[in-house]
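Reader: I have a model open and would like to go through a few places in it. Can we start with what the terms mean?

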Amino acid sequence: MSAPVAPSAGSGGPAYPDKLDAAVLKVAGVVVLGAIMSILDITVVNIALTKFQTVFAEPGGQPLAYSTVAWTVTAYTLALATVIPLTGWAADRFGTKRLYIMAVILFTAGSALCATAGSIEILIGYRVLQGLGGGMLMPLGMTIMTRAAGPERMGRLMAVLGIPMLLGPIFGPILGGWLIDNYSWHWIFLINVPIGIIAVLYALWALPGDRPEPSESFDLIGMLLMSPGLALFLYGVSSIPGERTVGSAKVLVPGLVGLAMIVAFVFYSFRPKHPLLDLRLFSNRRLTVAIVTMFLFAAAFFGGLLLVPQYLQQVRAETPLHAAYLMVPQGIGAMLTMPVAGSLADRIPVGRIVPFGLVAIVAGMFALTQVGPDTSYWGFIIPVLFLMGLGMGGTMMPIMTSALKTLTHHQVARGSTLLNITQQIASSIGVAVISVVFTNYLNGSQSAGAVLGAQFDPTIKDKLGPQGMATAIAELAHVYGKTFLIAAILCAATLVAAGFLPRRHENSRLLVEESEPAGAPPVVLH
């Protein structure tokens with residue numbers, strides 16, 4: 001890693017080169033490899049769910065219910081949520097290098113085991129093992145990169161990390177569809193094995209050793225409250241689309257119990273000196289505003305983003321692979337603006353960057369309310385997705401940069417953990433809310449549901465006839481348009497929180513020095 005420049009007199013902390021030198025980019029390469037594995041895996045598996053319905057069919061040949069195979073995704077998400085709160089403590093206790101390598105090994109081993117699964121139950125179990133490793137990769141990666149870059153270069157380095165975060169959902173389905181069509185479902189997991197081996201060897205070579213701080217005691221009570229509480233809450237939230245109501249016992253019981261445990265943790269967490277999640281970090285106003293903005297953005301945007309490939313497949317009858325290709329312009333837009341936004345975030349306040357990205361996303365989401373059964377791809381949908389991609393690239397990474405660049409070295413692991421938990425909870429809630437809104441609109445339609453039913457029962461199409469089917473498809477497109485409107489309104493609400501992001505230029509190093517407790521030991525990198 002690039003050795004910090006000797007501090008100037010009275011600076012109180014290490015200085016860093018202004019540019020992203022080769023040594024820092026070498027460290028960033030390790031983190032990007034891990035992020036690619038974790039994020040691609042989530043999106044690749046999504047494309048295989050219908051395949052799992054037939055591969056793991058009932059003994060009589062009856063395909064498994066979609067709600068059953070969906071647990072291959074939900075189980076992974078719950079494992080992520082369970083392990084993320086432990087990452088900050090574990091990074092301080094064992095060191096980021098050792099813990100990161102262990103997380104990659106665990107994720108890779110889980111991937112290899114998934115490919116051997118002979119039943120849906122075993123596959124779900126191995127997905128939990130994968131999630132335990134994958135949950136540590138992103139917060140650890142953010143910690144490693146933040147410590148490597150220093151506050152003045154955070155924007156540019158976070159833009160590097162943002163590439164797999166934003167492009168994974170675009171290219172993951174393409175990769176998954178190609179592997180399933182040309183090889184078998186096993187390869188969506190086996191492809192992680194060589195990447196994992198390369199990532200471990202690369203990390204051993206590229207990551208500097210760091211001196212862990214094992215003096216902090218483990219917050220056992222906090223862990224017993226937060227990790228299972230978060231998993232139960234997300235389990236309840238994730239069950240809403242399948243149950244089609246918030247009032248179901250499957251939703252309310254785990255959701256309320258989990259929420260009660262989380263609330264208990266919040267009150268408890270101010271008692272120990274070293275809590276599992278350091279909520280005292282919320283005394284940092286910039287961090288608090290950034291996390292609130294991130295929560296609203298992730299819930300609104302990722303919930304709305306779920307609708308686009310569904311519209312393309314259900315209304316326009318595109319194959320999953322072709323729908324994934326149509327989403328590529330969104331990724332191209334993100335690639336264009338992300339490096340620019342990252343560079344700007346190091347020079348001007350993010351409060352002058354993020355609103356422009358959000359306006360592009362809000363405009364795109366409102367435009368999607370007008371989709372119909374024959375809306376032009378090149379004349380409307382592709383330009384709108386490209387515009388939203390431009391907004392994506394200018395939003396997420398500057399928000400994260402604003403949150404992390406004012407934290408001390410000692411606070412970085414805890415701060416990145418808070419950010420990742422926020423994003424995980426917000427995404428789960430956003431997907432559940434948009435799914436319920438869509439389901440309610442669908443149930444209120446007289447004929448839209450027939451389009452979905454015809455995908456499994458061809459006789460429905462024969463009964464409706466060409467005219468009836470055309471009417472049903474138009475009605476389904478209208479349902480999507482109304483749901484996009486809700487997502488657009490939620491995205492617009494994010495602009496309110498973004499208005500509180502810093503708009504004045506502040507010296508990042510001064511902010512770090514002011515927040516560093518007197519005598520706090522620095523993290524030594526060698």
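Author: Buried means under 20% relative accessible area, and exposed means over 50%. Bear in mind that this is a predicted model.

Reader: Fine. Is I180 buried or exposed, then?

Author: I180 has 14% relative accessibility, which is under 20%, so I180 counts as buried.

Reader: Where is the place of I180?

Author: I180 sits in helix α7, which covers residues 154-182.

Reader: And what does I180 touch, not counting residues up to four places away in sequence?

Author: With those neighbours set aside, I180 touches I47, A48, K51, W185 and I188. As for V44, 136 residues separate it from I180 in sequence, and the C-alpha to C-alpha distance is 9.9 Å.

Reader: Step back a bit. How many helices and strands are there in the protein?

Author: The protein has 23 helices and zero strands. Of its 526 residues, 56% are buried.

Reader: Among contacts between residues at least 6 apart in sequence, what percentage join residues at least 24 apart?

Author: That figure is 82%.

Reader: Now α17. How many residues does α17 have, and how far does it reach?

Author: Helix α17 has 14 residues and spans 20 Å from its first C-alpha to its last, close to the 20 Å expected at 1.5 Å a residue.

Reader: Which residues in α17 are buried?

Author: The buried residues of α17 are V354, G357, L358, A360, I361, V362, G364, M365 and A367.

Reader: What covers the buried residues of α17?

Author: The cover includes α13 (285-305), α18, α19 (396-404) and α22 (458-498).

Reader: Take α18. At what angle do α17 and α18 pack?

Author: Helix α17, residues 354-367, and helix α18, residues 377-393, pack at about 155°, and their axes are 7 Å apart. An angle over 145 degrees counts as roughly antiparallel, and α17 and α18 are therefore roughly antiparallel to each other. Their crossing is left-handed.

Reader: Which residues make the contact of α17 and α18?

Author: From α17, the contact takes G357, A360, I361, A363, G364, M365 and A367. From α18, it takes F380, V384, L387, M388, G391 and M392.

Reader: How do those residues divide into nonpolar, polar and charged?

Author: The contact of α17 with α18 has ten nonpolar residues, three polar and no charged.

Reader: And α13, at what angle does α13 pack with α17?

Author: The angle between α13 and α17 is about 35°, with their axes 12 Å apart. The crossing of α13 and α17 is left-handed. F297, F301 and G304 of α13 meet L358, I361 and M365 of α17. By class, that contact has five nonpolar residues, one polar and no charged.

Reader: On to the loops. Where is D346 found?

Author: D346 is in the loop between α16 (328-345) and α17. At 8% relative accessibility, D346 counts as buried. Its C-alpha atom is separated by 8.5 Å from that of T401, 55 residues apart along the chain.

Reader: What about A317, buried or exposed?

Author: A317 counts as exposed, at 62% relative accessibility. The residue lies in the loop between α14 (307-314) and α15 (320-326).

Reader: And what is the phi of A317?

Author: A317 has a positive phi of about 60°, although it is not a glycine. Most residues other than glycine have a negative phi.

Definitions and conventions. Residues are numbered from 1 along each chain as its sequence is written. This is a predicted model: local features need pLDDT of at least 70, side-chain atom pairs count only at pLDDT 80 or more; totals for chains, interfaces and linings use all residues. Side-chain values use heavy atoms; hydrogens and water are left out. Axes are lines fitted to C-alpha atoms, for helices over the stretch in contact, and angles run from 0 to 180 degrees between N-to-C directions. Helices (H or I, at least four residues) and strands (E, at least two) are DSSP runs, numbered from the N terminus. Angles under 35 degrees count as roughly parallel, over 145 as roughly antiparallel, 65 to 115 as roughly perpendicular and the rest as oblique. A crossing is left-handed if the near helix is turned anticlockwise from the far one by less than a right angle, and right-handed if clockwise. Contact means heavy atoms within 4.5 Å. Ala, Val, Leu, Ile, Met, Phe, Trp, Tyr, Cys and Pro count as nonpolar, Asp, Glu, Lys and Arg as charged, and the others, Gly among them, as polar. Buried means under 20% relative accessible area, exposed over 50%, partly exposed in between (1.4 Å probe, protein chains only). The expected span of a helix is 1.5 Å times one less than its number of residues.
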